[in-house]
Amino acid sequence: MNAEWHYSKDERGVGLIQINRPAARNAIGWDLLQGLRQQVAECGDDADLRVLVLTATGDKAFCAGADLKERKTYSESKTRTFVKRIGALTAEIGRLPMPTICAINGHAFGGGCELALACDLRVMAKGFQIGLTETALAIIPGAGGTQRLPRIVGLAKAKELIFTAARLTTEQALEIGLVNAVGEDVMAEAETLVSGILRCG
């Protein structure tokens with residue numbers, strides 16, 4: 001077990017990855033990024049893994065995106081490598097052979113939203129917000145969000161959300177199909193989907 005993320009698999013073949021940096025709003029730093037990529041690769045090689053759920057610890061943020069405080073200490077070269085590897089992580093999640101569900105248990109902005117978009121399905125806890133907010137910092141979503149969001153909500157709506165750095169409520173996200181379900185207990189919502197998936201071949 002690593003301090004920055006946890007992984008477990010139950011007897012049904014359902015895996016659970018939990019990001020575990022609540023003090024940093026579960027932001028993605030260098031070590032977490034490397035660890036998640038390794039864990040995702042191991043999941044991809046597990047023929048007995050039937051469903052994978054991605055969530056986080058804490059009760060405020062699923063993932064605030066890249067750890068910008070840490071990134072200020074990077075050289076330009078390391079920053080470029082970091083951005084490239086976040087894109088690689090979301091691509092690797094998207095290529096996993098089993099269904100993936102993101103249980104968004106808090107705010108999901110920037111790279112956190114992109115992690116969610118990389119999963120096949122998304123459920124979200126009520127009372128939080130989600131969005132690709134990078135343009136508010138004069139940068140663009142760099143981990144595949146500009147490609148994945150239009151596939152889910154349509155091109156015009158995706159452009160609106162990206163250009164305005166919009167922060168959607170759970171209700172707004174559900175209305176446009178960005179998330180599949182919302183609820184007070186996000187893990188219960190995820191379990192409903194897991195149970196439905198496990199009944200199928």
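Predicted model: local features only at pLDDT ≥ 70, side-chain atom pairs only at ≥ 80, totals over all residues.
**Cavities and pocket**

Rolling a probe the size of a water molecule over the atoms shows where empty space is left. In this structure there are 2 cavities of 30 Å³ or more.

| Space | Volume | Lining by class |
|---|---|---|
| Largest cavity | about 70 Å³ | 11 nonpolar, 1 polar, no charged |
| Second largest cavity | about 50 Å³ | 7 nonpolar, 1 polar, no charged |
| Largest pocket | about 610 Å³ | 15 nonpolar, 5 polar, 8 charged |

Which residues line the largest cavity? Ile17, Ile19, Leu36, Val40, Leu52 and Leu54 are among them. Leu89, Ile93, Leu96, Thr100, Leu115 and Cys119 line the largest cavity too. Four elements each supply at least two residues of this lining: strand S2 (14-19), helix H1 (30-44), strand S3 (51-56) and helix H3 (76-94).

The largest pocket has a volume of about 610 Å³. It is lined by 28 residues, and the closest to its centre are Ala64, Gly65, Ala66, Leu68 and Leu137. Helix H2 (68-71), H3 and H4 are the elements that give two or more residues to the lining of the largest pocket. H2 gives the largest share, 3 residues. The lining of the largest pocket does hold charged residues, 8 of them, beside 15 nonpolar and 5 polar.

How many of the residues of strand S5 (residues 100-104) are buried? The count is 5 of 5, and S5 is mostly covered. Thr100, Cys102 and Ile104 point one way from S5. Ile101 and Ala103 point the other way. Residues on both faces are buried. Thr100 also belongs to the lining of the largest cavity.

S5 pairs with S3 in the parallel sense, over 3 bridges. Here Val53 stands opposite Ile101. S5 also runs parallel to strand S7 (residues 121-125), joined to S7 by 4 bridges. In that pairing, Ala103 has Val123 as its bridge partner.

S4 and strand S6 (residues 107-109) are parallel and share 2 bridges. Ala61 has His107 in S6 as its bridge partner.

His107 lies in strand S6. Is His107 buried or partly exposed? His107 counts as partly exposed because its relative accessibility is 26%, and the buried class is under 20%. Leaving out residues up to four places away in sequence, His107 touches Lys60, Ala61, Phe62 and Cys63, among others. Gly127, Phe128 and Gln129 are also touched by His107. Leu168 is 61 residues from His107 along the chain, and their C-alpha atoms are separated by 9.8 Å.

**Selected residues**

Two residues other than glycine have positive phi values: Arg25, near 55°, and Ala165, about 55°. Arg25 lies in the loop between S2 and H1. Ala165 lies in the loop between H6 and S9. Arg25 counts as exposed, because its relative accessibility is 52%. Ala165 is buried, because its relative accessible area is 14%.

Lys157 lies in helix H6 (residues 155-164). At 29% relative accessibility, Lys157 is classed as partly exposed. Lys157 and Arg71 are 86 residues apart along the chain, with 30 Å between their C-alpha atoms.

Key. Residues numbered from 1 in each chain as written. Heavy atoms only, no water. 1 Å grid on protein atoms, 1.4 Å probe; cavity = no way out; pocket = protein on both sides within 12 Å on 5 of 7 lines; lining within 4 Å. Points joined across faces, edges and corners; volume = space filled by probe spheres on them. Nonpolar A, V, L, I, M, F, W, Y, C, P; charged D, E, K, R; others polar. Pairing = 2+ DSSP bridges. Buried < 20%, exposed > 50% of the residue type's maximum accessible area, 1.4 Å probe, protein only. Contact = heavy atoms within 4.5 Å.
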